[in-house]
Amino acid sequence: MDGKEKITIALIDSHKLFLDGLKKILESISFIEVIALGKCKHDALKVINTFKPNLLVIDVQLVELKNLNQFNTPDTKIILLSGNDYDVDYMIEALILGARGFLLRSMQSELLIDAMLSIVEGKYWLHPNVSDGLAKEFTKLRRKYQLKDLDSDIQRPLHILTIRECEILELLVEGDSNLKIAEKLGITEYTVKTHVRNILGKMHVNDRTNAVLLAIRNGWVKIERVNNGVRNERIEYLEP
């Protein structure tokens with residue numbers, strides 16, 4: 001930043017030693033001011049409303065993804081901090097909900113500061129360890145979109161579900177278990193369970209059977225004949 005304008009940062013993390021160390025590193029830069037520290041999501045909301053920092057750096061364990069947009073304000077950019085790599089699905093949803101950066105606790109201080117400066121300037125920043133997975137995911141989505149003219153008569157549930165949720169709903173229609181879905185998509189079984197729960201909630205149904213029936217009833221399923229006259233329901237999810 002050429003003008004070296006003052007950058008205000010709030011740090012929210014339950015690890016006090018890490019928090020104190022990060023504060024010390026950041027305040028070694030003359031144009032950075034750590035204006036607030038916190039250890040829970042309630043502290044984060046209070047900080048945003050009271051101090052309106054340029055950046056809010058918060059531990060991913062302290063905020064539920066579905067509530068991330070609570071921290072997304074015109075004055076404050078959200079940076080998520082983790083001790084481990086991020087799940088690709090999590091990153092996609094977090095970006096949609098307003099996250100601007102994904103950092104790891106193991107980062108060197110110089111890289112950490114560079115990331116924050118980039119985000120202040122309006123850019124997005126992903127740690128190199130997690131950017132590869134995200135790039136691969138978007139490549140897969142692009143291939144899906146190339147099919148958009150094949151089944152134009154199929155209605156698209158993308159008005160209520162994310163693309164990943166659409167993929168999982170398709171596999172539910174095929175009768176796959178959570179474990180099998182996880183293996184096919186290269187994600188954890190826990191992540192699948194979370195997506196299934198979100199799908200049921202968004203579709204306002206109590207179980208997978210009703211989710212599948214609703215998908216068929218709404219025309220989200222392409223019915224095909226297969227061996228022995230048994231019908232195979234397959235859902236095509238294309239670009240809206």
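Biologist: Which residues of helix α1 (residues 16-26) are the buried ones?

Modeller: Leu19, Leu22 and Leu26. Buried means under 20% relative accessible area, exposed over 50%, with partly exposed in between (1.4 Å probe, protein chains only). This is a predicted model, where local features need pLDDT of at least 70, side-chain atom pairs count only at pLDDT 80 or more, and totals for chains, interfaces and linings use all residues. Residues are numbered from 1 along each chain as its sequence is written, and side-chain values use heavy atoms, leaving out hydrogens and water.

Biologist: Now, at what angle do the axes of α6 (residues 163-173) and α7 (residues 178-185) cross?

Modeller: At roughly 130 degrees, and the axes come within 10 Å.

Biologist: Why is α6 called oblique to α7?

Modeller: Under 35 degrees is roughly parallel, over 145 roughly antiparallel, 65 to 115 roughly perpendicular, and the rest oblique. The roughly 130 degrees belongs to the rest, so α6 is oblique to α7.

Biologist: Which residues make that contact?

Modeller: Arg164, Glu167, Ile168, Leu171 and Leu172 of α6, with Ile181, Lys184 and Leu185 of α7. Contact means heavy atoms within 4.5 Å.

Note on methods:
Axes are lines fitted to C-alpha atoms, for helices over the stretch in contact, and angles run from 0 to 180 degrees between N-to-C directions. Helices (H or I, at least four residues) and strands (E, at least two) are DSSP runs, numbered from the N terminus.
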